[in-house]
Amino acid sequence: MSRVLLVEDNEMNRDMLSRRLRKKGFEVDMALDGAQGVEMARSGAYDIVLMDMSLPVIDGWEATRQLRAAPETQTIPIIALTAHAMSGDRDKAMDAGCSDYDTKPVEIDRLLLKMNTLLGVA
Amino acid sequence: MRQVSSKSAARRTPRRGTLAHRQAALLRLAVDLVAATDEAQVCQRLVDGLHDEALGYDFLGAFLLDETGDRVLRASIGWPDVPKAWRVHPGQGLSDRAVKDAKLHYTAAVAGERSYLPSLNSGSEVDVPLHIDGQVIGVLVVESAEPNAFTPSDFKVLSAVADFASLAIGRARLLVSERRRADEQKALLDTMADLSSERELSKLLQAVLERAVTLLGVTGGELAIYDEQTRELVIVASHHIGKDSTGVRLGLGEGAMGTVAVTHEPLIIPEYDEWSGRSRSYSDVRSTVRAVMAAPLLIGKRLVGAIASVHSDPARQFGADDLRLLNLFAPQAAIAIENARLYTEAQRQKEYFETVVVNSPVAIVTLETNGRITSFNPAFEKLFGYTQEEGVGRDLDDLINTAETQAEAKAYTSQATHRTARGIGKRRRKDGSLLDVELAGVPVAVEGKNVGIMALYHDVTDLLSAKREAESANQAKSRFLANMSHELRTPLNAIIGYSEMLKEDAEENGDTAYIADLAKIRSSGKHLLALINDVLDLSKIEAGKMELYLETFDVRATVDDVVTTVEPLIAQNGNHLEVNCAPGLGAMRADMIKVRQTLLNLLSNASKFTDHGTVRLDVTRARTAQGGRDEYTFRVSDTGIGMTDAQQAKLFEAFSQAEASTTRRFGGTGLGLAISRRFCEMMGGTITVESEHGRGSTFTVRLPASVGESTPAETPVAASDVAQSAGRVLVIDDEASVRSLMRRFLLREGLTVDEAATGEAGLRAARETRPDAITLDVMMPGMDGWSVLAALKADPELCDVPVIMLTIVDDKRAGFALGASEYLTKPIDREQLRRVLAKYRPIGEGGSVLVVEDDPSASDLLRRTLGAEGWQVRVAANGREALARMDVEDPAIILLDLMMPEMDGFEFLSEIRSLPRASTVPVIVVTAKELTAAERSKLNGQVTTVLQKGNYSRDELLSEIASQLGNRIRRSTQSGETR
């Protein structure tokens, strides 16, 4: 079973997404801010990271950069999740090192497709 | 002959003198006649001499013929009641015969003659013709109260005397005409002298008139100017016509002058009193004016006035000679009037423009071609604070510029010597304050020769600040939208997500009662989200913030993807979807997301407005006929409800579904088509619709196969080689070898190359060819690279073209310091140095500086200054020494003088840049002169890149050009969005 790290500060989003992913058969752990997300990801316990971008302590872009800079998390798939639909968000996320990008509100089927592609499942 | 009265017994007196007396009298007569100066005198002396007692002729009359053939009495004796200048018409009187046959006629008994005009003295009469060269010019009449009073010897004497008198008249006439010609010449010369003098027009015309009157030998005259406005003649000069008629106005056709003004032909009126065309203005001068001669004053065929002469002498009749004389003066007067008119007109225009300039709210200044101020208007005084005394004679660019704006201003001025320059910039007031101005420089040409420049300044400080405010407001709006979008999405996220989850749970648990309600919550949430997305998209487009994300993608795959997405929607309304993709569609370069969104929008619309029908998507690729652009066509047709013409007209406007009610019935935000159209336009394409109410609609999207390659919606420029070319580069360099090298490099890359050997030629070429990039040599004779650059940046049409500067300091390999991080100029400003160094100071304390400087005092100063700041300072006197020091230890920073013995700064730079270890050490160039403040700002801002000539590799150059061309494409697509 794939293990997912969901980095999300909004409680409702966290609750909703984690429940739906668990229902689809994923193991889901949660981090509440960027720093915590980086720390947990470095444990090497996760197959994929879903990263909100507007996060406290350190934001999603910086967290992604740090993950990419560390050897143990250099290659882990990271999907950026952001409510920002303004221009450049996609580029900004990809530039920071994200593997893919999706906007919130999450469309569960689309997200699953992206996750499965990155996990080599689909 | 008719004799009015005679008291004395006028007869041929018998008291004749001796022969000697008679001969003496004849001799006296001859002498008198020879001495006479004009014909009147000759006639008078003729009758006086014959009246001599020794000769004994008592009744005498001398007639001369005038132009009409009338005999006019010029002198007489013994005819006391005969009027002066008595006129006898041809065919009348006894003397008529002598005039007719030029022979002496004797009438022994006058009483019996029919043609004799009865008189008291009727006795006998001799008529002796006066003639010159066989031409009769008059007649001498000699009478006696007695019949048969004359003898043949009388005939001999009278004939001889008459002949002698005729000769005298002929001579006198010659004399008169010669004198007259001399007078004419003088009068004309005087008049011409008058014309070139600067006398007031009315005085000048008065002089011309008086001269004409004198020469014509008439009583007086008048001169009038034609007033084109009122179509009247205005008398401006009047001379002896019986009153001062100055100021009198005559309508066209009124009076003598009014008549000639209409006919453009001269006119002679012999008896003014009897003439029917008299003007009422002259009723009071009828008694003094007998005859009138008038002529029009013309310039070409244009009437400028009229001249008239009058006389009161009944003996005087106007004839061809008079007309000739008058016509000598007419053109002179006409020229005088025309000159005056032109002068007045020029004066008036000058005053007009002066008034315009003086009252203009725009600051206007005129310059010599060298930039010196010749004048400026009050608005300029007010705007810049300089008075005329302070400004005139100064160089404008020096007067109102700062060091920063000087170069740019000079470039405008130099452009304005031959063509209009426009721009916006900062200028300095007298008090030192800066203002934003919109400026225009216009060459002033007189008869095709540039004589100066007119510059206009319009204060746009408020305008610019308003613009900046508007821009910042717009940015605030964009930020607000971004935030709003985020704030709205977060709760929506929960609404959609939880309702979706609950719906799934309900489905699993079989709670069918809730499923429909949860589905409604979810779909409303989704609709709201779509609405937010569309409003956001649209506002981004309106704000010019929407960007194109260009990628190359397979068209077929994208179409399949769209079809998969839209299929459930199509099925909802029981529709059938037909997809036809032409074979070999290949890949297109465009913004895939936007293409996808457009197709999805069109297909879902088609399905929405079609019930149990067919929706069709056709995709083809072809070259357009015009310009040959490679293009994709996506055609979405349906068999739905269609649209009326009125509906179609508003279709692509935001918030305009066919009817307000459609929104409720069919859903959707009503923004989809407006957004789709703007997306297509951004990519250089179009979207069109054909529809028939009740029959369905067809939407056609046309997009270029490679977005950004050809500018959207522009007229195809004779697309021959340009279409194939990857770009157009203008090479400006004075060295032919460099140009040919560049050409070979660039051509191989598929770029079109234009060359220019001088800065001026380069500017011309740039304006003509509009290159995508320019390579520019700095060192050129005449206009150097900096000036060319300034001119390019000043031209609104060219300022966006990337410029790649190529430069050398000398002809060796020493490239201009490409690797330098900063430039400082000598003498060094301590504060600046401190600031610059602080930027490169490693984190933590200390840090070592290597000072490479040959001048010991400068080197010492730097060491002490830096030492005081806590740096460890090492010193090298030239490049070679510095390199040796770097073998020992890498400094944190290098301060480098450019001009040094042994190994100069340029050489040193290229050496250390080749060392992997040292290539990252920041180098601060310390230069004595090379870079002025303006040049430095150019380097930092406007110059895109500086490359070392002789040192750059082919690959470096090409990649630089390629990246500049790429930037340009991006820029042009961005500007396309704002539309």
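**Strands and rings in chain B**

In this predicted model, strand E2(B) and strand E3 (residues 87-88) of chain B run antiparallel and are joined by 2 bridges, with B:Val72 standing opposite B:Arg87 of E3(B). Strand E2, which spans residues 71-77 of chain B, is mostly covered, since 5 of its 7 residues are buried. E2(B) also pairs in the antiparallel sense with strand E1 (residues 59-65) of chain B, over 6 bridges, and here B:Leu65 has B:Arg71 as its bridge partner. E1(B) and E2(B) form a hairpin with 5 residues between them, and in the turn B:Gly69 has a positive phi of about 95°.

Turning to the aromatic rings, the structure holds 12 aromatic pairs over all chains. In one of them, the ring centres of B:Tyr106 and B:Phe150 are 5.9 Å apart and the planes stand at 80°, so the pair is edge-to-face. Because B:Tyr106 lies in strand E4 (residues 105-107) of chain B and B:Phe150 in the loop between strand E6 (135-144) and helix H4 (152-196) of chain B, the pair ties together parts that are 44 residues apart in sequence. B:Tyr106 is partly exposed at 26% relative accessibility, whereas B:Phe150 is buried at 6%.

B:Phe384 and B:Tyr457 also form an edge-to-face pair, 5.4 Å centre to centre with 85° between the planes. B:Phe384 lies in helix H8 (residues 378-384) of chain B and B:Tyr457 in strand E17 (residues 449-459) of chain B, so this pair ties together parts that are 73 residues apart in sequence.

How values were computed: Residues are numbered from 1 along each chain as its sequence is written. Chains are lettered from A and ligands numbered from 1 in the order in which they are written. This is a predicted model: local features need pLDDT of at least 70, side-chain atom pairs count only at pLDDT 80 or more; totals for chains, interfaces and linings use all residues. Side-chain values use heavy atoms; hydrogens and water are left out. Buried means under 20% relative accessible area, exposed over 50%, partly exposed in between (1.4 Å probe, protein chains only). Helices (H or I, at least four residues) and strands (E, at least two) are DSSP runs, numbered from the N terminus. Two strands pair if DSSP finds at least two bridges between them. Rings of Phe, Tyr and Trp (its six-membered ring) pair if their centres lie within 6.5 Å; planes under 30 degrees apart count as stacked, over 60 as edge-to-face and the rest as tilted.
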